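Work through the exercises below with the sequence and the structure at hand. Try each task before reading its solution.

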Amino acid sequence: MSDDGELDLNTLSNEDLVLQVHDDLYDGLKEEVEAAVHILLGRGWAPYKVLTEALVEGMRIVGIDFRDGILFVPEVLLAANSMKAGMFILRPLLIATGAPRLGKMVIGTVKGDIHDIGKNLVGMMMEGAGFEVIDLGINNSVEKYLGAIEEHGPDILGMSALLTTTMPYMKVVIDTLKEKGMRDDYVVLVGGAPLNEEFAKAIGADAYCRDAAVPSKPPRATWPQAQSIGQGLERPFTCAAFW
C-alpha cells in the first residue's frame with residue numbers, strides 16, 4: 001500500500017500484477033490498467049505477453065460474466081474502454097516487435113443497421129487474440145464489403161446485426177459471394193442478439209458467434225480445416241454478425 005492507503009501497483013509481483021489487471025479491467029479502471037501495462041513493459045515483458053496474459057485474459061473473464069448475466073452492457077463497455085487504453089499503449093510496440101498475427105479480419109454492421117456495441121467488442125477481442133482488424137463501421141452494403149475484401153485481402157469478413165429486419169441482409173452478402181465464385185474463399189461466422197445456429201446454417205454461414213468471448217476461438221480450434229490462420233488455413237472465415 002502507498003502512504004495514502006491506495007494499492008501501489010509497483011509493489012506487486014508479476015503474477016499478482018497480472019491478476020490485478022484482470023480485476024481492474026473487470027471494474028473498468030482505465031488509468032490503473034494503463035499504469036500496470038507500463039509497469040509490466042518496464043519489467044521487460046514482451047508486448048505480446050502483456051496483451052495475451054493481462055488484457056485478453058482479463059476481457060475473457062468479463063466476456064464470460066457478461067454471457068452468464070453477471071455483468072451488463074454498461075460494465076462491459078467500461079471494461080472494453082479500459083482494454084482499449086491498454087491496447088493503445090501496446091499496438092505500436094506489437095508492430096515494432098513483429099508480434100505474431102493469426103490473420104486479418106474485416107468487420108462491420110450490415111446495411112440498415114446502426115448498432116455497433118457488440119461489433120466493437122468482437123473486433124477488440126479478435127485484435128487481442130492476434131488478428132489485424134479493419135472496422136467498416138455501421139450500415140454496410142454488399143458493395144462496401146466486397147470493396148473491403150478487395151482492398152484489404154482479409155482472412156475474415158465480419159458483419160453485425162441487431163435487428164430482425166436486417167438479419168436477412170447477411171444472406172444477401174453470402175449469396176453475392178457465391179455468385180462471384182468467392183464463397184469458398186472465406187469461412188462465414190454470424191452472430192447477433194436475434195440470431196441462432198439454425199439461422200446461421202440456413203443462410204449458408206459456417207458458424208454462429210453468440211458473444212464476444214467466442215469468435216476469437218474458432219479459427220484455431222473449431223474447424224478442422226482452420227487449425228491456425230497464418231499456419232496454412234485452407235478456408236478463411238467471415239464473421240457475419242455479433243449481437
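**Exercise 1: A salt bridge between helix and strand**

Lys-119 has a relative accessibility of 1%, so Lys-119 counts as buried. The model used here is predicted.

Task: Find which side chain meets that of Lys-119 in a salt bridge, and state where the two residues lie.

Solution. 
1. The side chain of Lys-119 meets that of Asp-135 in a salt bridge, at 2.8 Å from N to O.
2. The cut-off for a salt bridge is 4 Å, so a pair at 2.8 Å falls within the limit.
3. Lys-119 is in helix 5, and Asp-135 is in strand 2 (residues 131–140). The two are 16 residues apart, and the pair links distant parts of the chain.
4. Asp-135 has a relative accessible area of 41% and is partly exposed, whereas Lys-119 is buried.

**Exercise 2: Salt bridges inside helices**

Task: The structure holds three salt bridges. Describe the one between Glu-57 and Arg-60 and the one between Asp-175 and Lys-171.

Solution. 
1. Side chains of opposite charge can pair when their charged atoms come close.
2. For Glu-57 and Arg-60 the N to O distance is 2.7 Å. Both residues lie in helix 3 (residues 47–67), three residues apart, which is about one turn of the helix.
3. Glu-57 is partly exposed at 25% relative accessible area, and Arg-60 is partly exposed at 33%.
4. For Asp-175 and Lys-171 the closest N and O atoms are 2.7 Å apart. These residues are four apart in helix 7 (residues 168–179), so about one helical turn separates them.
5. Asp-175 is partly exposed at 23% relative accessibility, and Lys-171 is partly exposed at 35%.

Note on methods: Residues numbered from 1 in each chain as written. Predicted model: local features only at pLDDT ≥ 70, side-chain atom pairs only at ≥ 80, totals over all residues. Heavy atoms only, no water. Buried < 20%, exposed > 50% of the residue type's maximum accessible area, 1.4 Å probe, protein only.
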